[in-house]
Amino acid sequence: PTFYTLYVDNWEYDPVLNTWSQKADFPGTARYGACGFSIGNKIYVGTGWDPTGTTDFYEFDPVANIWTPIANFPGPPRYDAVGFSIGSKGYVGFGYSPNFNDFYEYDPSINTWTQKANFPGGVRQSLSTFSINGLGYICCGADAGSTMYNDLWQFNPGTNTWTQKSNFPGLARYATNGFTLNQMGLVGGGWNISQSLNDYYLYDPFSDS
């Protein structure tokens with residue numbers, strides 16, 4: 001039996017008016033655990049779990065309210081992957097089914113994916129991400145054996161290299177939230193093996209603290 005319902009609806013939040021507006025439905029199959037990123041004024045969403053496994057990806061134009069299919073994600077099907085953008089490129093990797101440590105770059109100008117250096121910290125899923133000053137960061141996550149992490153890594157797209165930075169100071173966890181705020185990273189929430197968490201920490205990339 002099915003104990004959950006999957007959705008394709010898509011909503012826009014206006015922080016000035018504090019209102020939500022429904023937009024065009026996601027055109028792929030209903031799924032969970034998809035990932036996405038934004039470049040300029042476009043949004044990109046793909047991967048995730050549906051009953052057959054999927055690698056499709058789509059571009060959303062919020063002004064025209066139109067979805068357009070783009071080149072499929074080149075890695076194996078997965079869910080709970082992560083995505084973020086650095087400048088004019090998007091990045092997607094990690095995820096479950098089973099767990100992965102592969103990593104790919106998307107160039108919308110030529111609609112092409114390129115595999116980049118694998119993450120050296122091992123396979124994992126449900127990480128958080130943010131990007132600052134042309135560099136990407138991934139934090140926390142879990143592997144298929146339920147080992148949870150509190151490490152932080154920096155990805156440099158210019159050199160295609162990963163560098164470990166100061167560990168996240170809270171408990172190891174997965175399914176965290178992460179975003180950029182005033183040239184700093186904010187990471188928190190998530191799940192430790194026995195509890196939901198609501199603590200948050202601000203990361204300063206200039207002092208690595």
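The side chains of R78 and D102 form a salt bridge, with 2.6 Å from N to O. R78 sits in the loop between strand 6 (66-70) and strand 7 (82-86), and D102 in the loop between strand 8 (89-93) and strand 9 (103-107), so the pair ties together parts 24 residues apart in sequence. This is a predicted model, in which local features need pLDDT of at least 70 and side-chain atom pairs count only at pLDDT 80 or more, while totals for chains, interfaces and linings use all residues. Residues are numbered from 1 along each chain as its sequence is written, and side-chain values use heavy atoms, leaving out hydrogens and water.

**Terms**
- A salt bridge is a side-chain nitrogen of Lys or Arg within 4 Å of a carboxyl oxygen of Asp or Glu.
- Strands are DSSP runs (E, at least two residues), numbered from the N terminus.
- Buried means under 20% relative accessible area, exposed over 50%, and partly exposed in between (1.4 Å probe, protein chains only).

**Salt bridges**
- The whole structure holds six salt bridges.
- D56 and R31 also pair through their side chains, at 2.8 Å from N to O. This pair links distant parts of the chain, 25 residues apart: D56 is in the loop between strand 4 (42-46) and strand 5 (57-61), and R31 in the loop between strand 2 (19-23) and strand 3 (35-39).
- K42 and E59 form another salt bridge, at 3.9 Å from N to O. K42 belongs to strand 4 and E59 to strand 5, 17 residues apart.

**Burial**
- R78 and D102 are both buried.
- D56 is buried at 13% relative accessibility, and R31 is buried at 9%.
- K42 is partly exposed at 21%, whereas E59 is buried at 18%.

Key: Helix = DSSP H or I, 4+ residues; strand = E, 2+ residues; numbered from the N terminus.
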